[in-house]
Amino acid sequence: MPSGCLAWTGATNNGYGYISYKGKVHRVHRLIWELECGPIRGGLTIDHVQARGCIYKTCINVEHLEVVSRSENARRGALHRWQLLREAQRVRQEA
Ligand SMILES: [Zn+2]
């Protein structure tokens, strides 16, 4: 199934894409959200929405991004790790 991700190919750190813009270093997925959708309010973070097919933390497809609170993002992060572990087990069984 195609993910539709637009994976950033520039600089990365901690798995996220970074870019220098107007004299500051930005996380690319936050910057593209602000350029296309407007400023991100304080305390909010940008989530890569797995339910829309997003699998890269470096993804800058705004259709895959959503503004969420930090607690909501942490909850989804926990779900993400559990799904990765399940996938790793499935591959072992097929080998
Ligand atoms: Zn994506």
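Which residue in strand 2 does Thr12 stand opposite? The close-ups below begin with the answer.

View 1. Thr12 stands opposite Gly17 in strand 2. This is a predicted model, in which local features need pLDDT of at least 70 and side-chain atom pairs count only at pLDDT 80 or more, while totals for chains, interfaces and linings use all residues. Residue numbers start from 1 along each chain, as its sequence is written. Strands here are DSSP runs of E with at least two residues, helices are runs of H or I with at least four residues, and both are numbered from the N terminus. Strand 1 (residues 12–13) pairs with strand 2 (residues 16–21) in the antiparallel sense over two bridges; two strands pair if DSSP finds at least two bridges between them. Two residues lie between the strands of this hairpin, and Asn14 in the turn has a positive phi of about 55°.

View 2. Now follow strand 2 into strand 3 (residues 24–27), its antiparallel partner over four bridges. Ile19 stands opposite His26 in strand 3, and Tyr21 stands opposite Lys24. Two residues separate the strands of this hairpin, where Lys22 takes a positive phi near 50°.

View 3. Three strands make an open sheet in the order 1-2-3, with antiparallel pairing. Strand 1 and strand 3 are the edge strands, each pairing on one side only. In a regular strand, side chains alternate between the two faces of the sheet.

**View 4. The largest nonpolar core.** Seven residues form this core: Trp8, Val28, Leu31, Ile32, Cys54, Cys59 and Ile60. A nonpolar core is a set of buried Ala, Val, Leu, Ile, Met, Phe, Trp, Tyr and Cys residues joined through C-beta atoms within 7 Å. A residue is buried if 20 or more other C-beta atoms lie within 10 Å of its own, with C-beta atoms placed from the backbone. Buried residues make up 15% of the 95 residues in the protein.

**View 5. Around Trp8.** Leaving aside residues up to four places away in sequence, Trp8 touches Gly17, Val28, Thr58 and Ile60. Such a contact requires C-beta atoms, placed from the backbone, to lie within 7 Å.

Notes
Buried ≥ 20, exposed ≤ 12 C-beta atoms within 10 Å, placed from the backbone. Contact = placed C-beta atoms within 7 Å.
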